[in-house]
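Subject: Handover of a structure

Hello,

I am passing this structure on to you. My notes on it follow below.

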Amino acid sequence: MISFENLVVLLVYGATLSGVWALISSGFTLIFGVCRLLNLAHGGLFIAGAYIGLSLIKGFGLDPLTSTVLSMIAVGFIGSGVYTGLLMKVKEHEVTVVIITLALALIIEQVILLMFGEHGIIFPPILAGVVYLGDVPLPAMRIFGMAIALAALFLLGLFVTRTRIGREITAASQDVEAATFIGLDVNRLFIVTMFISSLLAGLGGVLYSQIYAANPFLVLKALIFAFAIVILGGLGSVKGSIVASFIVGYIMTVVIMFLGARWSELFALLIIIAALIIRPSGLFGVRE
Amino acid sequence: MTGKEKTNVDRRSFIKYAATAGIAAVVAGAAGYFSAPTRTETITRTIPAGEVTRTVTVGGQTVTQTQTVTVITTPTRPPPKPPAGKTEVRIGVLAPLADRQGKVQENAARLAIEEINAKGGILGLPVKLVVADDKLSADTAVSEFRRLVTAEKVDVMIGGYSSGVMTATMEPMAELKTIFLADASSPAHARKVGANYDKYKYWFRITQNNGITFALDGIEQIDYLAANGVKIDKLYVIRDEHIWVDEWEPLFTDLLKRKNIQVVKSVKIPRGYTEYEPLLIEANRLGAQAVFNMLAISGTGDVLAKQWSTLKLPLLLMGHDLAAIDLGFWQSTGGACEYEIFMADGGVVQTAPPTPMCKSFIENYTKKYGYPPEAHQGYGAYDAVYLYKKVVEEAAAAGESNPFDSDTLVKYLERYTLGNAIELTRKVAFYPKGAWGADGTRWDHDLVWGDEYVKNWVAQWQGGKQVVLAPAWLKNADLKLPPWLK
């Protein structure tokens with residue numbers, strides 16, 4: 001029988017971790033699903049959000065909330081700028097896209113190392129303090145971060161299903177040629193998709209650094225986790241990525257609680273492999 | 001002889017004898033004046049060689065005394081000369097230069113060499129620094145070691161950081177018979193020397209103590225807290241999942257048992273782990289008074305400090321966290337590390353330098369590079385250069401045919417042992433051949449551990465600075481408890 005304290009920790013901490021992973025993985029799968037681009041620089045955008053945000057606080061004296069908003073918008077523009085300046089020209093060549101985006105990820109890592117050093121950074125939280133649920137202390141920033149992540153994902157869902165441009169993006173993701181034939185500006189839609197995807201990654205990075213900490217070496221770790229979650233959820237399926245993020249997040253939290261922290265990442269990856277053996281296209285992927 | 005003549009003779013004799021006696025009395029009296037009273041004076045001053053003239057008052061009379069003083073310097077023979085054909089001394093530094101623990105070694109060695117060259121070098125020879133990057137790779141370290149010794153002709157090697165890399169590097173060291181004044185904490189290195197002394201005797205650990213001593217330092221923290229009114233009887237351990245902890249955790253747990261202190265749980269965490277809050281909540285639920293960390297590899301000590309400071313549970317944060325030793329830890333945690341108790345590896349906290357040489361090293365390093373030594377490896381490298389200079393000069397003064405010969409220098413290095421530390425930036429001494437450590441294994445050529453030598457001091461973050469809490473002779477602050485614990 002699980003205790004009340006363990007249940008609360010499980011629910012809240014699991015949701016926080018899952019929410020942050022959902023932000024990064026949904027953006028990653030959105031790009032693939034719509035633009036058919038495997039953007040390996042996505043982990044770099046995730047961490048860039050944290051470092052840009054911290055620079056705004058230290059350089060301009062902004063408060064954490066304002067710098068969070070500005071940094072995620074900045075990352076959005078960086079992502080769409082990368083697409084416009086580099087990827088748009090080579091998007092037909094998948095291997096070239098992989099090479100370019102991987103190189104970008106490493107460049108981002110090195111730039112951060114040169115500018116900020118190898119030390120991790122802790123972003124001042126938007127909300128400080130602790131909230132007690134019974135006897136269980138819960139950092140306010142965790143709860144707030146979880147709420148923000150869930151709200152962002154909800155808004156993403158609304159955007160994709162309820163807005164015109166969202167429906168156009170969905171159409172383009174289903175058939176690029178058909179979308180072109182009916183007069184949709186596919187490149188503009190791709191740029192918007194990159195912007196949204198990068199914005200989500202930037203938001204994820206800022207939230208992550210407020211709850212935990214960010215360091216340059218997370219560029220590749222974030223990419224690996226996002227990629228694994230996206231594969232589990234089904235490449236191109238935003239819904240799949242969100243569900244997979246919560247599966248992975250809760251598995252890790254349960255394992256930390258009952259088996260030990262050292263097993264958490266291993267178990268998460270084992271579950272991903274097992275799921276893919278059973279359903280190779282992922283939970284919500286489309287069979288080709 | 002007539003009577004009158006006899007009388008005249010007697011009178012003359014009397015006068016002669018009386019005069020003699022009188023003169024003798026005068027001489028004796030004068031001698032008495034000059035020889036008494038006998039005083040012994042100890043004059044402590046610098047006396048230049050040559051004649052010394054001084055004026056003293058003897059019996060009310062001013063007397064000028066002149067004495068010739070010959071000042072004896074050691075050695076009395078001419079200064080030793082280097083071996084014929086040797087034109088310079090080459091010191092190698094092999095370390096991970098992309099990391100601050102490696103870069104600081106290069107910087108510190110360079111500073112030491114500049115200072116030594118400014119004073120004439122070693123045996124009158126200029127000293128040159130040769131640097132190589134081991135890139136934290138055993139393969140790279142081995143090949144670079146060989147290159148430095150065979151191609152660059154270094155006379156001595158300084159460096160290291162990773163225990164795994166050090167284990168590999170000891171092989172070319174042994175093969176090429178090169179003195180290696182080393183960093184890295186694994187007990188395995190000293191055990192190699194103990195197991196095959198003749199092969200590995202060139203290795204001396206100078207930067208920090210054998211990793212087993214972390215267990216002893218941990219107990220020191222517990223004892224310090226107890227002495228300051230903070231009783232710990234339950235500990236929650238958060239440790240790296242790494243061999244460096246495997247080697248000393250059993251000893252630590254055993255020592256805790258003897259003090260009736262229970263380890264309520266020991267949690268291993270992988271590299272990059274960040275979910276400390278559930279662990280802290282669990283520690284509190286299990287009744288621990290403190291979380292004892294054993295972290296170096298995880299790389300997320302800043303997250304632990306931050307989450308501990310956020311939750312404000314009735315738990316002390318103590319132990320060994322490599323991140324907490326970093327001077328930038330305060331900034332990187334946003335001050336969340338305030339009140340964290342940690343071990344100051346390598347025996348130096350910059351606010352309390354243990355020796356005058358340490359103080360001036362910190363000042364000169366800061367002046368030269370614009371910031372203080374970034375890691376404790378800097379003290380080890382600086383000491384290594386000066387120690388090498390010292391033993392080479394001693395070997396030369398003793399008349400050794402080749403004072404740079406490694407086999408020769410091993411003997412001179414071994415003289416700096418228990419009871420005969422050399423004061424550098426720390427008081428450095430090495431355990432002798434055949435020494436056994438606290439864990440029952442061989443500690444040959446390990447850095448001697450102790451209050452009078454090098455230890456990981458009990459330290460704490462207070463007000464943005466690292467302070468020393470113990471030992472008493474070095475402390476510069478008292479324990480401060482987090483306000484939420486009072």
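How many helices and strands does chain B have? Chain B has 16 helices and 16 strands, where helices (H or I, at least four residues) and strands (E, at least two) are DSSP runs, numbered from the N terminus.

This is a predicted model, in which local features need pLDDT of at least 70 and side-chain atom pairs count only at pLDDT 80 or more, while totals for chains, interfaces and linings use all residues. Residues are numbered from 1 along each chain as its sequence is written, and chains are lettered from A and ligands numbered from 1 in the order in which they are written.

Chain B overall

Of the 486 residues in chain B, 47% are buried. A residue is buried if 20 or more other C-beta atoms lie within 10 Å of its own, exposed if 12 or fewer, and partly exposed in between, with C-beta atoms placed from the backbone. Among the contacts in chain B with a separation of 6 or more, 68% are between residues 24 or more positions apart; two residues are in contact if their C-beta atoms, placed from the backbone, lie within 7 Å.

UniProt, in an unreviewed entry, places the feature "domain: Leucine-binding protein" at residues 88-417 of chain B. UniProt positions are in the numbering used here, feature names are shortened, and annotations may be inferred rather than shown by experiment. This span is 49% helix and 17% strand, and its end C-alpha atoms lie 29 Å apart.

Strands β10 and β11

Strand β11 (residues 316-321) of chain B is largely enclosed by the rest of the structure, because six of its six residues are buried. B:Leu316, B:Met318 and B:His320 point one way from β11(B), and B:Leu317, B:Gly319 and B:Asp321 the other way. Six bridges join β11(B) to strand β10 (residues 290-295) of chain B, and the two run parallel. One bridge partner pair is B:Met294 and B:His320.

The three-stranded sheet

An open sheet in chain B has the order β12-β15-β16, with antiparallel pairing; two strands pair if DSSP finds at least two bridges between them. β12 (341-344) and β16 (465-470) of chain B stand at the edges with a single partner strand each, so one side of each has no neighbour in the sheet. Five bridges join β15 (residues 457-462) of chain B to β16(B), and B:Ala459 has B:Val468 as its bridge partner there.

The contact between chains

Chain B gives 26 residues to the contact and chain A gives 21 residues. On the side of chain B that touches chain A, the elements giving two or more residues are β9 (262-269), α10 (277-285) and α11 (301-311) of chain B.

Regards
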